[in-house]
Amino acid sequence: MRSEAAAIVGAQVRHLREAAGISCQQLTQRSGVSRSMLSRIENGRISPSLHSLLRLADGLGVPMSRLFAEQRCRTDFSHVPSGKGLRVERLGTVADYRYELLGHVLSGNLFVEPYLVMLEADAQPHVTFQHPGLKFLYFLSGDVTYRYGPRRVNMRVGDSLLFDAAAMHGIEDLGTQPVSYLSVVFTLRS
């Protein structure tokens with residue numbers, strides 16, 4: 001008989017596998033769990049052993065606790081209407097750089113901070129930002145010279161950057177104003 005817990009775990013394994021773009025065969029190779037066992041788990045026909053769950057979590061690259069998170073109960077949905085982002089005064093915020101938080105994620109092991117950043121009229125270049133995680137920037141207006149470590153990149157509307165934020169970075173020179181951009185920082189929760 002199919003238990004509700006087995007159905008939840010099986011659905012979550014399938015969801016995580018499909019979201020990662022991993023075939024059943026690939027997960028079998030990564031985890032060491034046989035193809036027939038994986039099929040029975042994903043279809044909720046068996047309650048897998050702790051050993052199998054650990055191997056599947058390793059194969060999927062997630063903590064084992066993610067296999068028990070029923071998808072329909074997750075709270076990671078955030079809607080922010082246009083112009084309603086939460087203005088954030090962050091510790092160490094540079095003067096005249098205005099940050100509006102555009103969303104949040106409450107569950108999972110990935111912390112995501114999406115901001116609309118707008119440089120006000122008196123904003124000055126600042127190239128000493130440095131923090132953990134990955135950062136994605138997408139420029140919406142204006143143009144700047146952006147510094148990443150020793151590199152300098154001319155950024156215009158529609159240009160984007162993705163980089164490891166542990167290196168020093170920031171706007172080195174302001175060109176056409178006003179300047180606004182989307183900034184999304186991705187870090188792992190501790």
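**Figure 1. Overall dimensions of the predicted model.** The radius of gyration of the protein is 22 Å, whereas a compact globule of 190 residues would have one near 16 Å. The model is predicted. Along its principal axes, the C-alpha trace spans about 70 × 35 × 25 Å. The accessible surface comes to about 11000 Å², and carbon and sulfur atoms hold 55% of that area. Of the 190 residues, 38% count as buried.

**Figure 2. Order of helices and strands.** The protein contains four helices and 10 strands. Read along the sequence, the pattern is α-α-α-α-β-β-β-β-β-β-β-β-β-β.

Figure 3. Strand S10 covers residues 179-188. Seven of its 10 residues are buried, meaning under 20% relative accessible area, so S10 is largely enclosed by the rest of the structure. Strand S3 (residues 110-119) pairs with S10 in the antiparallel sense over 10 bridges. Within this pairing, Val-112 has Phe-186 of S10 as its bridge partner. Strand S5 (residues 134-141) also runs antiparallel to S10, and seven bridges join the two. Here the bridge partner of Phe-139 is Tyr-181 in S10. In a regular strand, side chains alternate between the two faces of the sheet.

Figure 4. Strand S6 spans residues 144-148 and strand S7 spans residues 151-155. The two strands pair in the antiparallel sense over five bridges. One of the paired positions brings together two arginines: Arg-147 has Arg-152 in S7 as its bridge partner. Two residues lie between the strands of this hairpin, and Gly-149 takes a positive phi near 55°.

**Figure 5. Strand S6 against strand S9.** Besides its pairing with S7, S6 is joined by five bridges to strand S9, residues 169-174. S6 and S9 run antiparallel. Tyr-146 stands opposite Ile-171 in S9.

**Figure 6. Charged side chains.** The protein carries 21 positive and 17 negative side chains.

Terms used:
Residues numbered from 1 in each chain as written. Predicted model: local features only at pLDDT ≥ 70, side-chain atom pairs only at ≥ 80, totals over all residues. Heavy atoms only, no water. Pairing = 2+ DSSP bridges. Rg over C-alpha atoms; globule rule 2.2 N^0.38 Å. Buried < 20%, exposed > 50% of the residue type's maximum accessible area, 1.4 Å probe, protein only. Areas by Shrake-Rupley, 256 points an atom, 1.4 Å probe, with all protein chains shown as cover. Lys, Arg positive; Asp, Glu negative; His and termini not counted. Charge placed at Lys NZ, Arg CZ, Asp CG, Glu CD.
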